[in-house]
Amino acid sequence: MHETNVTVETGMIVEIGGPVQGEVIDGRGLILAPALIDVHGDAFERQLMPRPGVFFPTEAAVLDTDRQLAANGIATAYHAITLGWEPGLRDVDRGRTLMQAIRDLAPRLLVENRVQLRWETFAFEALDTIAWALDGPLLPSLAFNDHTSMTMRAYDVPIQDRAFEFSPDFTVAELDDDRMRKRTASKAHRSGISEEDYITLLGEVWNRRTDVPGVIEKVAKIARDKGAPMLSHDDTRAETRAWFRDRGAHVAEFPMVMEAAEAARSNGDTIIFGAPNAARGGSHIGSLAAGDMVEAGLCDALASDYFYPAMLAAVARLDADRRADRLQLWSLVSAGPAHAMNLADRGDIAVGKRADLVLVDWPDGHPPAICGTWVAGRPAYRGHPAG
(Lines give C-alpha, C1' and ligand atoms only; values in the text may rest on other atoms or scores of the structure.)
Protein backbone atom coordinates (compact mmCIF):
# COMPACT_ATOMS: atom_id res chain seq x y z
CA MET A 1 0.00 0.00 0.00
CA HIS A 2 1.21 3.49 -0.83
CA GLU A 3 -0.10 7.03 -1.16
CA THR A 4 -1.10 8.04 -4.69
CA ASN A 5 -3.81 9.56 -6.86
CA VAL A 6 -6.32 7.53 -8.89
CA THR A 7 -8.05 9.31 -11.76
CA VAL A 8 -11.48 8.18 -12.96
CA GLU A 9 -13.20 9.19 -16.18
CA THR A 10 -16.47 7.87 -17.63
CA GLY A 11 -16.57 5.13 -15.05
CA MET A 12 -13.09 3.78 -15.73
CA ILE A 13 -9.71 4.08 -14.02
CA VAL A 14 -7.62 6.05 -16.52
CA GLU A 15 -4.51 6.98 -14.53
CA ILE A 16 -2.71 6.03 -11.34
CA GLY A 17 -0.13 8.34 -9.85
CA GLY A 18 -0.74 11.34 -12.10
CA PRO A 19 -1.55 14.90 -11.04
CA VAL A 20 -4.71 15.79 -9.14
CA GLN A 21 -7.40 16.79 -11.63
CA GLY A 22 -11.18 17.19 -11.86
CA GLU A 23 -13.39 16.66 -8.86
CA VAL A 24 -11.26 15.74 -5.85
CA ILE A 25 -12.20 13.17 -3.22
CA ASP A 26 -9.80 13.42 -0.31
CA GLY A 27 -9.04 9.95 0.98
CA ARG A 28 -6.12 10.82 3.18
CA GLY A 29 -6.10 8.68 6.30
CA LEU A 30 -8.30 6.08 4.60
CA ILE A 31 -7.60 3.06 2.41
CA LEU A 32 -8.70 3.03 -1.23
CA ALA A 33 -9.40 -0.54 -2.32
CA PRO A 34 -11.28 -2.44 -5.03
CA ALA A 35 -14.96 -2.70 -4.18
CA LEU A 36 -16.25 -6.02 -2.94
CA ILE A 37 -17.82 -8.62 -5.22
CA ASP A 38 -20.24 -11.05 -3.60
CA VAL A 39 -20.66 -14.29 -5.56
CA HIS A 40 -23.27 -15.84 -3.25
CA GLY A 41 -25.52 -13.94 -0.88
CA ASP A 42 -28.97 -14.91 0.34
CA ALA A 43 -29.37 -12.37 3.16
CA PHE A 44 -32.03 -10.70 0.98
CA GLU A 45 -34.39 -13.43 2.18
CA ARG A 46 -34.66 -11.57 5.49
CA GLN A 47 -36.00 -8.54 3.64
CA LEU A 48 -38.47 -10.69 1.69
CA MET A 49 -39.62 -12.57 4.79
CA PRO A 50 -38.64 -10.61 7.94
CA ARG A 51 -40.51 -13.07 10.12
CA PRO A 52 -41.46 -16.69 9.36
CA GLY A 53 -44.40 -16.68 6.97
CA VAL A 54 -44.57 -12.87 6.85
CA PHE A 55 -43.75 -11.65 3.35
CA PHE A 56 -42.76 -8.07 2.59
CA PRO A 57 -43.42 -6.27 -0.74
CA THR A 58 -40.77 -7.44 -3.20
CA GLU A 59 -39.77 -4.03 -4.56
CA ALA A 60 -39.28 -2.59 -1.09
CA ALA A 61 -37.18 -5.62 -0.16
CA VAL A 62 -34.97 -5.23 -3.24
CA LEU A 63 -34.42 -1.51 -2.65
CA ASP A 64 -33.46 -2.05 0.97
CA THR A 65 -31.13 -4.94 0.08
CA ASP A 66 -29.43 -2.80 -2.55
CA ARG A 67 -28.76 -0.06 0.01
CA GLN A 68 -27.32 -2.61 2.43
CA LEU A 69 -24.96 -3.82 -0.27
CA ALA A 70 -23.71 -0.30 -1.02
CA ALA A 71 -23.12 0.46 2.66
CA ASN A 72 -21.12 -2.75 3.00
CA GLY A 73 -18.87 -1.88 0.06
CA ILE A 74 -20.34 -4.51 -2.27
CA ALA A 75 -20.46 -3.09 -5.80
CA THR A 76 -21.38 -6.35 -7.54
CA ALA A 77 -23.72 -8.84 -5.91
CA TYR A 78 -24.93 -12.23 -7.07
CA HIS A 79 -28.17 -12.85 -5.19
CA ALA A 80 -28.42 -16.57 -4.49
CA ILE A 81 -32.05 -17.00 -5.47
CA THR A 82 -33.18 -20.53 -4.72
CA LEU A 83 -35.24 -22.21 -7.43
CA GLY A 84 -36.61 -25.18 -5.56
CA TRP A 85 -39.53 -27.56 -5.32
CA GLU A 86 -40.59 -26.27 -1.90
CA PRO A 87 -43.54 -23.87 -1.71
CA GLY A 88 -43.13 -20.57 0.10
CA LEU A 89 -39.93 -18.53 0.28
CA ARG A 90 -37.87 -20.63 -2.11
CA ASP A 91 -40.29 -21.75 -4.78
CA VAL A 92 -39.69 -21.11 -8.46
CA ASP A 93 -42.46 -18.57 -9.04
CA ARG A 94 -41.31 -16.42 -6.13
CA GLY A 95 -37.77 -16.56 -7.43
CA ARG A 96 -38.82 -15.45 -10.89
CA THR A 97 -40.85 -12.60 -9.42
CA LEU A 98 -37.79 -11.45 -7.50
CA MET A 99 -35.59 -11.59 -10.59
CA GLN A 100 -38.14 -9.58 -12.57
CA ALA A 101 -38.26 -6.98 -9.79
CA ILE A 102 -34.46 -6.66 -9.88
CA ARG A 103 -34.62 -6.10 -13.65
CA ASP A 104 -37.42 -3.56 -13.37
CA LEU A 105 -35.71 -1.64 -10.56
CA ALA A 106 -32.25 -1.63 -12.15
CA PRO A 107 -32.31 2.12 -13.04
CA ARG A 108 -32.95 2.95 -9.37
CA LEU A 109 -30.43 0.57 -7.81
CA LEU A 110 -27.10 1.75 -6.44
CA VAL A 111 -24.96 -1.33 -7.10
CA GLU A 112 -24.88 -3.99 -9.79
CA ASN A 113 -27.45 -6.57 -8.71
CA ARG A 114 -26.89 -9.89 -10.47
CA VAL A 115 -28.31 -13.34 -9.80
CA GLN A 116 -26.96 -16.71 -8.86
CA LEU A 117 -29.49 -19.30 -10.01
CA ARG A 118 -29.32 -21.47 -6.92
CA TRP A 119 -31.00 -24.42 -8.54
CA GLU A 120 -32.18 -27.38 -6.54
CA THR A 121 -31.48 -30.18 -9.00
CA PHE A 122 -34.71 -32.04 -8.15
CA ALA A 123 -36.76 -28.95 -9.08
CA PHE A 124 -37.57 -29.82 -12.68
CA GLU A 125 -40.25 -27.13 -12.65
CA ALA A 126 -37.45 -24.53 -12.68
CA LEU A 127 -36.14 -25.26 -16.18
CA ASP A 128 -38.20 -22.63 -18.00
CA THR A 129 -37.23 -19.99 -15.45
CA ILE A 130 -33.55 -20.91 -15.73
CA ALA A 131 -33.67 -20.53 -19.52
CA TRP A 132 -35.49 -17.20 -19.13
CA ALA A 133 -32.94 -15.93 -16.61
CA LEU A 134 -29.97 -16.93 -18.77
CA ASP A 135 -31.38 -14.69 -21.51
CA GLY A 136 -31.54 -11.72 -19.13
CA PRO A 137 -29.66 -8.42 -19.39
CA LEU A 138 -26.95 -9.40 -16.85
CA LEU A 139 -25.67 -12.96 -17.23
CA PRO A 140 -26.36 -14.95 -14.05
CA SER A 141 -24.28 -17.74 -12.61
CA LEU A 142 -25.71 -21.22 -12.06
CA ALA A 143 -25.12 -23.22 -8.88
CA PHE A 144 -26.06 -26.88 -8.65
CA ASN A 145 -27.56 -27.57 -5.21
CA ASP A 146 -28.87 -30.90 -3.97
CA HIS A 147 -30.36 -30.39 -0.55
CA THR A 148 -32.90 -33.09 -1.42
CA SER A 149 -30.34 -35.89 -1.35
CA MET A 150 -28.72 -34.25 1.66
CA THR A 151 -32.05 -34.48 3.48
CA MET A 152 -32.60 -38.06 2.34
CA ARG A 153 -29.19 -39.39 3.45
CA ALA A 154 -29.20 -42.20 6.00
CA TYR A 155 -29.65 -41.11 9.60
CA ASP A 156 -26.25 -42.41 10.70
CA VAL A 157 -24.38 -40.46 8.02
CA PRO A 158 -23.19 -36.92 8.88
CA ILE A 159 -23.67 -34.34 6.13
CA GLN A 160 -19.93 -34.16 5.53
CA ASP A 161 -19.58 -37.95 5.19
CA ARG A 162 -22.26 -38.55 2.59
CA ALA A 163 -21.29 -40.28 -0.64
CA PHE A 164 -21.61 -38.75 -4.09
CA GLU A 165 -25.34 -38.37 -4.60
CA PHE A 166 -25.43 -40.51 -7.77
CA SER A 167 -23.21 -43.24 -6.34
CA PRO A 168 -24.59 -46.69 -5.47
CA ASP A 169 -22.90 -46.18 -2.09
CA PHE A 170 -25.35 -43.39 -1.23
CA THR A 171 -27.53 -44.73 1.57
CA VAL A 172 -31.08 -43.44 2.04
CA ALA A 173 -33.19 -42.68 5.09
CA GLU A 174 -36.71 -43.95 5.63
CA LEU A 175 -39.39 -41.28 5.43
CA ASP A 176 -41.68 -42.86 8.04
CA ASP A 177 -39.24 -42.29 10.88
CA ASP A 178 -39.59 -39.70 13.63
CA ARG A 179 -36.06 -38.58 12.85
CA MET A 180 -37.22 -37.33 9.46
CA ARG A 181 -39.75 -35.07 11.16
CA LYS A 182 -36.94 -33.59 13.23
CA ARG A 183 -34.68 -33.23 10.18
CA THR A 184 -37.31 -31.45 8.07
CA ALA A 185 -39.17 -29.40 10.67
CA SER A 186 -37.39 -26.12 9.90
CA LYS A 187 -37.82 -26.68 6.15
CA ALA A 188 -41.54 -27.25 6.58
CA HIS A 189 -41.76 -24.09 8.67
CA ARG A 190 -39.95 -22.12 5.95
CA SER A 191 -42.24 -23.57 3.30
CA GLY A 192 -45.41 -22.69 5.18
CA ILE A 193 -46.81 -26.23 5.24
CA SER A 194 -47.22 -28.87 7.93
CA GLU A 195 -44.44 -31.32 8.74
CA GLU A 196 -46.59 -34.19 7.46
CA ASP A 197 -47.25 -32.44 4.14
CA TYR A 198 -43.59 -31.58 3.74
CA ILE A 199 -42.50 -35.19 4.19
CA THR A 200 -45.17 -36.34 1.73
CA LEU A 201 -43.94 -33.80 -0.82
CA LEU A 202 -40.33 -34.83 -0.20
CA GLY A 203 -41.23 -38.43 -0.97
CA GLU A 204 -42.91 -37.44 -4.23
CA VAL A 205 -39.93 -35.37 -5.30
CA TRP A 206 -37.49 -38.12 -4.31
CA ASN A 207 -39.17 -40.36 -6.89
CA ARG A 208 -37.55 -38.13 -9.55
CA ARG A 209 -34.09 -39.28 -8.49
CA THR A 210 -33.26 -41.47 -11.49
CA ASP A 211 -34.04 -38.60 -13.86
CA VAL A 212 -31.92 -35.99 -12.05
CA PRO A 213 -28.55 -36.61 -13.79
CA GLY A 214 -30.12 -36.26 -17.21
CA VAL A 215 -31.87 -33.03 -16.27
CA ILE A 216 -28.61 -31.63 -14.88
CA GLU A 217 -26.94 -32.47 -18.20
CA LYS A 218 -29.65 -30.53 -20.03
CA VAL A 219 -29.41 -27.48 -17.79
CA ALA A 220 -25.60 -27.48 -17.82
CA LYS A 221 -25.60 -27.44 -21.61
CA ILE A 222 -27.91 -24.43 -21.69
CA ALA A 223 -25.63 -22.60 -19.25
CA ARG A 224 -22.46 -23.57 -21.15
CA ASP A 225 -23.94 -22.30 -24.39
CA LYS A 226 -24.62 -18.95 -22.70
CA GLY A 227 -21.17 -18.78 -21.14
CA ALA A 228 -22.56 -18.66 -17.60
CA PRO A 229 -20.23 -19.48 -14.70
CA MET A 230 -21.28 -22.73 -13.03
CA LEU A 231 -20.70 -23.90 -9.47
CA SER A 232 -21.25 -27.09 -7.51
CA HIS A 233 -22.35 -26.63 -3.91
CA ASP A 234 -21.33 -28.41 -0.69
CA ASP A 235 -19.17 -31.08 -2.35
CA THR A 236 -18.06 -33.94 -0.09
CA ARG A 237 -16.16 -36.14 -2.54
CA ALA A 238 -13.54 -35.76 -5.27
CA GLU A 239 -15.95 -37.79 -7.41
CA THR A 240 -18.64 -35.14 -6.95
CA ARG A 241 -16.29 -32.34 -7.97
CA ALA A 242 -15.11 -34.30 -11.03
CA TRP A 243 -18.67 -35.04 -12.15
CA PHE A 244 -19.70 -31.41 -12.12
CA ARG A 245 -16.39 -30.22 -13.56
CA ASP A 246 -16.94 -32.53 -16.53
CA ARG A 247 -20.20 -30.67 -17.17
CA GLY A 248 -18.56 -27.25 -17.10
CA ALA A 249 -18.86 -26.29 -13.42
CA HIS A 250 -15.35 -25.06 -12.66
CA VAL A 251 -16.14 -23.47 -9.30
CA ALA A 252 -16.39 -25.38 -6.02
CA GLU A 253 -18.71 -23.48 -3.69
CA PHE A 254 -18.31 -24.31 0.02
CA PRO A 255 -16.61 -27.72 -0.27
CA MET A 256 -17.28 -29.49 3.00
CA VAL A 257 -14.23 -31.73 3.35
CA MET A 258 -10.54 -31.64 2.48
CA GLU A 259 -10.91 -34.32 -0.18
CA ALA A 260 -13.24 -32.11 -2.21
CA ALA A 261 -11.16 -28.95 -1.72
CA GLU A 262 -7.93 -30.67 -2.71
CA ALA A 263 -9.62 -32.23 -5.74
CA ALA A 264 -10.72 -28.77 -6.82
CA ARG A 265 -7.26 -27.25 -6.35
CA SER A 266 -5.40 -30.06 -8.13
CA ASN A 267 -7.64 -29.61 -11.18
CA GLY A 268 -7.44 -25.82 -11.35
CA ASP A 269 -10.96 -25.14 -10.11
CA THR A 270 -11.85 -21.96 -8.23
CA ILE A 271 -12.72 -22.50 -4.55
CA ILE A 272 -15.21 -20.35 -2.62
CA PHE A 273 -15.86 -20.38 1.11
CA GLY A 274 -18.31 -18.47 3.26
CA ALA A 275 -17.20 -15.21 4.82
CA PRO A 276 -19.25 -15.87 8.00
CA ASN A 277 -17.20 -19.04 8.45
CA ALA A 278 -13.97 -16.99 8.23
CA ALA A 279 -15.28 -14.14 10.41
CA ARG A 280 -16.48 -16.48 13.18
CA GLY A 281 -13.38 -18.68 13.15
CA GLY A 282 -15.03 -21.81 11.80
CA SER A 283 -18.05 -23.47 10.21
CA HIS A 284 -21.26 -23.54 12.26
CA ILE A 285 -22.09 -26.99 10.84
CA GLY A 286 -18.70 -28.61 11.36
CA SER A 287 -17.33 -28.33 7.83
CA LEU A 288 -13.91 -26.99 6.83
CA ALA A 289 -12.76 -23.79 8.54
CA ALA A 290 -12.36 -21.06 5.94
CA GLY A 291 -9.41 -19.50 7.76
CA ASP A 292 -7.49 -22.76 7.59
CA MET A 293 -8.29 -23.03 3.90
CA VAL A 294 -7.05 -19.50 3.22
CA GLU A 295 -3.81 -20.24 5.01
CA ALA A 296 -3.44 -23.52 3.10
CA GLY A 297 -3.98 -21.84 -0.27
CA LEU A 298 -7.29 -23.62 -0.78
CA CYS A 299 -9.56 -20.58 -0.97
CA ASP A 300 -9.82 -18.11 -3.85
CA ALA A 301 -12.90 -16.12 -2.82
CA LEU A 302 -15.14 -15.43 0.15
CA ALA A 303 -18.90 -14.97 -0.24
CA SER A 304 -21.26 -13.17 2.14
CA ASP A 305 -23.44 -16.31 2.27
CA TYR A 306 -26.16 -15.21 4.72
CA PHE A 307 -24.74 -11.93 6.12
CA TYR A 308 -23.44 -9.04 3.99
CA PRO A 309 -21.17 -7.48 6.68
CA ALA A 310 -19.34 -10.81 6.96
CA MET A 311 -17.13 -10.10 3.94
CA LEU A 312 -15.37 -7.14 5.54
CA ALA A 313 -15.43 -8.82 8.95
CA ALA A 314 -13.77 -11.91 7.45
CA VAL A 315 -10.91 -9.87 6.01
CA ALA A 316 -10.45 -8.23 9.41
CA ARG A 317 -10.45 -11.56 11.29
CA LEU A 318 -8.05 -13.22 8.85
CA ASP A 319 -5.77 -10.19 9.00
CA ALA A 320 -5.77 -10.21 12.81
CA ASP A 321 -5.01 -13.94 12.79
CA ARG A 322 -2.16 -13.39 10.29
CA ARG A 323 -3.60 -15.96 7.87
CA ALA A 324 -2.10 -14.09 4.90
CA ASP A 325 -0.93 -10.60 4.03
CA ARG A 326 -3.58 -7.91 3.80
CA LEU A 327 -3.43 -7.50 0.01
CA GLN A 328 -3.94 -11.23 -0.51
CA LEU A 329 -6.83 -11.21 1.93
CA TRP A 330 -8.52 -8.31 0.15
CA SER A 331 -8.27 -10.20 -3.14
CA LEU A 332 -10.57 -12.83 -1.60
CA VAL A 333 -13.42 -10.31 -1.75
CA SER A 334 -12.44 -8.54 -4.98
CA ALA A 335 -10.12 -10.05 -7.60
CA GLY A 336 -10.88 -13.65 -6.57
CA PRO A 337 -14.64 -13.34 -6.94
CA ALA A 338 -14.18 -11.41 -10.21
CA HIS A 339 -12.12 -14.28 -11.60
CA ALA A 340 -14.65 -16.85 -10.40
CA MET A 341 -17.46 -15.07 -12.26
CA ASN A 342 -15.39 -14.23 -15.36
CA LEU A 343 -15.72 -10.50 -14.70
CA ALA A 344 -12.46 -9.32 -16.25
CA ASP A 345 -13.39 -5.63 -16.05
CA ARG A 346 -13.32 -5.27 -12.24
CA GLY A 347 -11.76 -6.51 -9.02
CA ASP A 348 -8.48 -4.55 -9.15
CA ILE A 349 -7.29 -0.96 -9.08
CA ALA A 350 -5.63 -0.81 -12.48
CA VAL A 351 -5.78 1.40 -15.55
CA GLY A 352 -8.54 0.19 -17.84
CA LYS A 353 -10.57 -1.43 -15.08
CA ARG A 354 -14.02 -0.29 -14.08
CA ALA A 355 -13.91 2.19 -11.21
CA ASP A 356 -15.57 -0.01 -8.60
CA LEU A 357 -13.89 1.35 -5.48
CA VAL A 358 -14.29 1.68 -1.74
CA LEU A 359 -12.78 4.00 0.86
CA VAL A 360 -12.14 2.10 4.09
CA ASP A 361 -11.53 3.44 7.56
CA TRP A 362 -9.30 0.86 9.25
CA PRO A 363 -7.57 2.12 12.39
CA ASP A 364 -4.99 -0.17 14.00
CA GLY A 365 -6.52 -2.60 16.43
CA HIS A 366 -10.09 -1.95 15.32
CA PRO A 367 -12.41 -3.41 12.68
CA PRO A 368 -12.63 -1.72 9.27
CA ALA A 369 -15.67 0.27 8.13
CA ILE A 370 -16.78 1.46 4.70
CA CYS A 371 -16.79 5.25 4.22
CA GLY A 372 -17.60 5.28 0.52
CA THR A 373 -18.55 2.97 -2.33
CA TRP A 374 -18.30 3.81 -6.04
CA VAL A 375 -19.75 1.68 -8.83
CA ALA A 376 -18.31 2.45 -12.27
CA GLY A 377 -17.17 5.78 -10.85
CA ARG A 378 -20.63 6.67 -9.57
CA PRO A 379 -21.04 7.28 -5.83
CA ALA A 380 -23.30 4.58 -4.40
CA TYR A 381 -22.64 5.29 -0.73
CA ARG A 382 -20.88 8.00 1.29
CA GLY A 383 -20.65 7.96 5.05
CA HIS A 384 -19.22 10.76 7.18
CA PRO A 385 -18.59 9.75 10.80
CA ALA A 386 -19.81 12.11 13.49
CA GLY A 387 -16.31 12.53 14.87
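By class, the lining of the largest cavity in this predicted model holds six nonpolar, seven polar and five charged residues, where Ala, Val, Leu, Ile, Met, Phe, Trp, Tyr, Cys and Pro count as nonpolar, Asp, Glu, Lys and Arg as charged, and the others, Gly among them, as polar. Local features need pLDDT of at least 70 and side-chain atom pairs count only at pLDDT 80 or more, while totals for chains, interfaces and linings use all residues. Residues are numbered from 1 along each chain as its sequence is written, and side-chain values use heavy atoms, with hydrogens and water left out.

**Cavities and pockets**

On a 1 Å grid over the protein atoms alone, a cavity is a set of points where a 1.4 Å probe fits but cannot get out, a pocket is an open set with protein on both sides within 12 Å along at least five of seven lines, and lining residues have an atom within 4 Å of a point. Grid points are joined across faces, edges and corners, and a volume is the space filled by probe spheres set on the points. By this rule there are three cavities of 30 Å³ or more.

| Space | Volume |
|---|---|
| Largest cavity | about 120 Å³ |
| Second largest cavity | about 90 Å³ |
| Largest pocket | about 1500 Å³ |
| Second largest pocket | about 1300 Å³ |

The largest cavity is lined by 18 residues, and Phe144, Asp146, Glu165, His233 and Phe244 are those that lie nearest its centre. Two or more residues of this lining come from each of strand 7 (141-145), helix 5 (147-152), strand 8 (230-233) and helix 9 (238-245); helices (H or I, at least four residues) and strands (E, at least two) are DSSP runs, numbered from the N terminus.

The lining of the second largest cavity includes Phe44, Glu45, Thr58 and Arg94. Helix 3 gives the most to this lining, with four residues, and helix 1 (45-48) and strand 5 (74-83) each supply at least two.

The second largest pocket has about 1300 Å³ of space, and of the 47 residues that line this pocket, Arg90, Arg118, His147, Arg190 and His284 are the closest to its centre. Its lining divides into 18 nonpolar, 14 polar and 15 charged residues, and helix 6 gives the most to it, with five residues.

Two packed helices are described by the angle between their axes and the distance between the axes. Axes are lines fitted to C-alpha atoms, for helices over the stretch in contact, and angles run from 0 to 180 degrees between N-to-C directions.

Helix 3 (residues 92-105) packs with helix 4 (residues 127-134) at an angle of about 15°, with their axes 10 Å apart. Helix 3 and helix 4 are therefore roughly parallel to each other (angles under 35 degrees count as roughly parallel, over 145 as roughly antiparallel, 65 to 115 as roughly perpendicular and the rest as oblique). Their crossing is left-handed, meaning that the near helix is turned anticlockwise from the far one by less than a right angle, whereas clockwise would be right-handed. Val92, Arg96, Met99, Gln100 and Arg103 in helix 3 are in contact (heavy atoms within 4.5 Å) with Asp128, Thr129, Trp132 and Ala133 in helix 4.

The axes of helix 2 (residues 58-71) and helix 3 come within 10 Å and cross at roughly 65°, in a right-handed crossing. Here Thr58, Glu59, Val62 and Leu63 in helix 2 meet Thr97, Leu98, Ala101, Ile102 and Leu105 in helix 3, and this contact has six nonpolar, two polar and one charged residues.
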